[in-house]
Amino acid sequence: EAEAEREAWSSALPCANLADFLDQSFPVKSQAAVPPLGTDAKPFEMLTTLGGQQLQDFGQQLRQCYGLLPMEVAASNFRRTQQSAQFFLMGYSGLTASASPNAQNLERVLVRRKEDCVINSFDRYMQELMQRLRSIEAAENFAAQEEADGLPDVKEQLKSMPLFGADGHMPGRFSWLHAWDVLTCLRAHEELPKLETL
């Protein structure tokens with residue numbers, strides 16, 4: 001079952017040729033001290049093709065409304081946010097995947113040092129935020145609300161997903177914060193396996 005889920009999520013990702021095209025057309029200029037985060041969790045924690053299309057559409061709409069504006073495009077040091085910026089630029093520039101990427105290199109995607117990144121404050125304060133989150137989720141009134149909302153079965157199913165499972169990227173570290181990301185993505189993708197209780 002876990003392998004089928006991995007395959008389903010993998011099929012929702014942009015193809016390798018498109019990812020290469022985006023990297024060539026809108027290269028990432030990183031000041032980060034480490035390689036992009038999230039790639040070790042692939043196919044989880046990655047931008048899907050649908051998400052990429054939504055950002056490309058947004059880029060096209062912005063250009064139609066305001067024309068080409070000078071801008072600096074930045075992303076956090078997560079691969080999914082870097083690809084989000086690249087898809088946005090693809091739509092904004094009007095570049096298509098059939099174009100020669102080297103001929104129309106319009107923008108770079110800037111990734112600032114962790115200390116200077118205003119996009120991803122979670123990384124700077126992760127320990128403190130996770131500690132607060134754990135204390136909130138451990139509180140009696142939170143557990144009572146979970147029960148009242150009928151969420152224990154959903155929580156157990158989420159915990160059994162490969163992302164949170166023993167061999168997953170976040171073993172034993174389930175939180176509703178991360179589950180929200182998973183549930184949001186599941187809701188947008190009809191082709192992905194759904195949880196029985198949802």
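1. Leu-18, Phe-21, Leu-22, Phe-26, Leu-89, Met-90 and Val-109 touch the most other members of the largest nonpolar core, which has 16 residues. A nonpolar core is here a set of buried Ala, Val, Leu, Ile, Met, Phe, Trp, Tyr and Cys residues joined through side-chain atoms within 4.5 Å; buried denotes under 20% relative accessible area, with a 1.4 Å probe and protein chains only. Two or more residues of this core come from each of helix H2 (16–25), E2 and H4. H4 gives the most, with 6 residues.

2. The model is predicted: local features need pLDDT of at least 70 and side-chain atom pairs pLDDT 80 or more, while totals for chains, interfaces and linings use all residues. Residues are numbered from 1 along each chain as its sequence is written, and side-chain values use heavy atoms, without hydrogens and water.

3. Another core, of 14 residues, lies apart from the largest one; Phe-44, Val-182, Leu-186 and Leu-192 are among its members.

4. Three strands form an open sheet in the order E1-E3-E2, with parallel pairing. Strands E1 (28–30) and E2 (73–75) are its edges, each pairing on one side only. Neighbouring strands are turned by 30° against each other on average, direction ignored. Elements are DSSP runs numbered from the N terminus (helices H or I, at least four residues; strands E, at least two), and pairing requires at least two DSSP bridges.

5. E2 pairs with strand E3 (residues 109–111) in the parallel sense over 3 bridges. Ala-75 stands opposite Val-111 in E3.

6. Helix H4 (residues 79–93) lies across E1, E2 and E3 and runs at about 155° to E2. Contact means heavy atoms within 4.5 Å; axes are lines fitted to C-alpha atoms, for helices over the stretch in contact, and angles run from 0 to 180 degrees between N-to-C directions.

Key: Buried means under 20% relative accessible area, exposed over 50%, partly exposed in between (1.4 Å probe, protein chains only).
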